[in-house]
Amino acid sequence: MEFGEIVSVLLQGAVVTIEIVAMALPLAIIMAFSFGLIRLYASAPFKQIAIFYIEFFRGTSALIQLYWIYFVLPFFGITIDAMTAAVVALGLNIGAYGTEVVRGAIQSVPKGQFEASIALNFTATQRLWRIIMPQALVNMIPPFGNLAIELVKATSLVSLITIGDLTFKAKSLADTTLQVGEIFGVVLVLYFVMAQCLMFFIKRLEKRLSKGLGRGGIHS
Amino acid sequence: MNGFHWDWAFMWEVFPIILSAAKVTLLATLLGSIFAIVMGLVFALLRRNSSKTIRLSVYWVVEFIRSTPLLVQIFFLYYVMPEFGISMSPLVTGVFALGLHYGAYLSEVFRSGIDGIEKGQWEAARALNLSKLDTYKDIVLPQAIRPMIPATGNYIIAMFKETPQLSAITLLEMLQMAKIIGSENFRYLEPFTLVGVMYLVFSLLAAFGIHQLERRFPKEGFSLK
């Protein structure tokens, strides 16, 4: 097979990889924020549920979670297609790591900010969304960026439940053409380029968010 | 609706088989972490090399390894290396892949650990006319190790949780074993759940162990002799 053909097949796989990232990332962010906030502010029983979710998904490996959702859930009468299983498994897994990012960033906002917002008679919701969150968000961007790259890397696992992502395309091309060197070399470079692009956008986002904060006065 | 219930008898039948496969998982993790620590130190020390070319190239190598998936690296080592005349068994491939991947992560931990040593320590070592090797061996590393323990431990646990990916190159570790059992009996519930629980238990135990290790480690450093 010619090099150009190999690259074009692999690029099709890369599109699937990007699709999975685009679907799993919002899910991960939603999980991270909801369970991160529950872990911080909810009452005891809800907190326990959040801790269970976090410990479970951080304590077992992503591939096992993926297999469990794909192979075991059908036994409970819940049959889902491979793509949904992939998005759910990766989203929940990365989301569990994200809860700690949310929690850490909120806790890193100086205590004086809480106290000042109480003194100014803000309601609890206002305190969270207008005072704490805008500052915490800036702290969250770098670790969330790392998690997003972890997500891109983790998408390679979905090839093992037969989704035609970049890794899957590479594996099947390698099996048929035996041009393993070129194929896996190109794949590594493609993943690297995706991660670097993502990093570029994250850096810009971080700059933009912290700019808005600077206007507010003291930012430690 | 077959399999809706949890079959205890089947679970106890499967348990010893999974447990024996756990040995392979643990062996891969152990050898992988030793290799990762060595590679991490090599990368970290090369990043402090006086030549800018070496520093920069090592930086990009580490960046490249860190931002590409372990699974693809495993495939690369397993399928591409034989083209260069290097054929390795699945276990050896796995140890190399895990070691390289996490070595790249650990190099950042080691680098910041070494950077964290006060300037005065380096200057004192220089004033005492210690060789470069002695400075690292007797002054820097003994003090740098304690603050490195938590992060290193976390990466080793993370590595442990990525060993199931070695099933993709047919290494008979826990997950691969569970998959085989599952496909033979048409029941995935018990084997996969069991493997998940094993991972949970092992990682919690390891996290506890690392915490203990850190607590017992002398704050003022220790002798490497």
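How much helix and how much strand is there over residues 192–210 of chain B, and how far apart are the end C-alpha atoms? In this predicted model, that stretch turns out to be 100% helix and 0% strand, with its end C-alpha atoms 27 Å apart. Residues 192–210 are one of the stretches of chain B that UniProt, in an unreviewed entry, labels "transmembrane region"; residues 20–46 and 58–81 carry that label too. Over residues 20–46 of chain B, the chain again comes out as 100% helix and 0% strand, and here the end C-alpha atoms sit 40 Å apart. As for confidence, chain B has a mean pLDDT of 91, and 96% of its residues reach 70 or more.

Back in chain B, a pair of helices is worth a look. Two packed helices are described by the angle between their axes and the distance between the axes. For helix α4 (residues 90–115) and helix α6 (residues 132–162) of chain B, the axes come within 9 Å and cross at roughly 150 degrees. An angle over 145 degrees counts as roughly antiparallel, so α4(B) is roughly antiparallel to α6(B). The crossing of α4(B) past α6(B) is right-handed. On the α4(B) side, the residues that meet α6(B) include B:L98, B:Y102, B:L106 and B:F110. Among their counterparts on α6(B) are B:V140, B:A144, B:P147, B:M148 and B:Y155. Sorted by class, the residues of this contact come to 14 nonpolar, 2 polar and 1 charged.

Then there is the meeting of the two chains, where 29 residues of chain A are in contact with 30 residues of chain B. The most comes from α8(A), which gives 9 residues to the side of chain A that touches chain B. That side of chain A has 19 nonpolar, 8 polar and 2 charged residues. For the complex, the predictor gives an ipTM of 0.89 and a pTM of 0.89.

Terms used:
Residues numbered from 1 in each chain as written. Chains lettered and ligands numbered in written order. Predicted model: local features only at pLDDT ≥ 70, side-chain atom pairs only at ≥ 80, totals over all residues. UniProt positions renumbered as here; feature names shortened; annotations may be inferred. Helix = DSSP H or I, 4+ residues; strand = E, 2+ residues; numbered from the N terminus. Axes fitted to C-alpha atoms, helices over the stretch in contact; angles between N-to-C directions. Parallel < 35°, antiparallel > 145°, perpendicular 65-115°, else oblique. Left-handed = near helix turned anticlockwise from the far one by under 90°. Contact = placed C-beta atoms within 7 Å. Nonpolar A, V, L, I, M, F, W, Y, C, P; charged D, E, K, R; others polar. pLDDT = per-residue confidence, 0-100.
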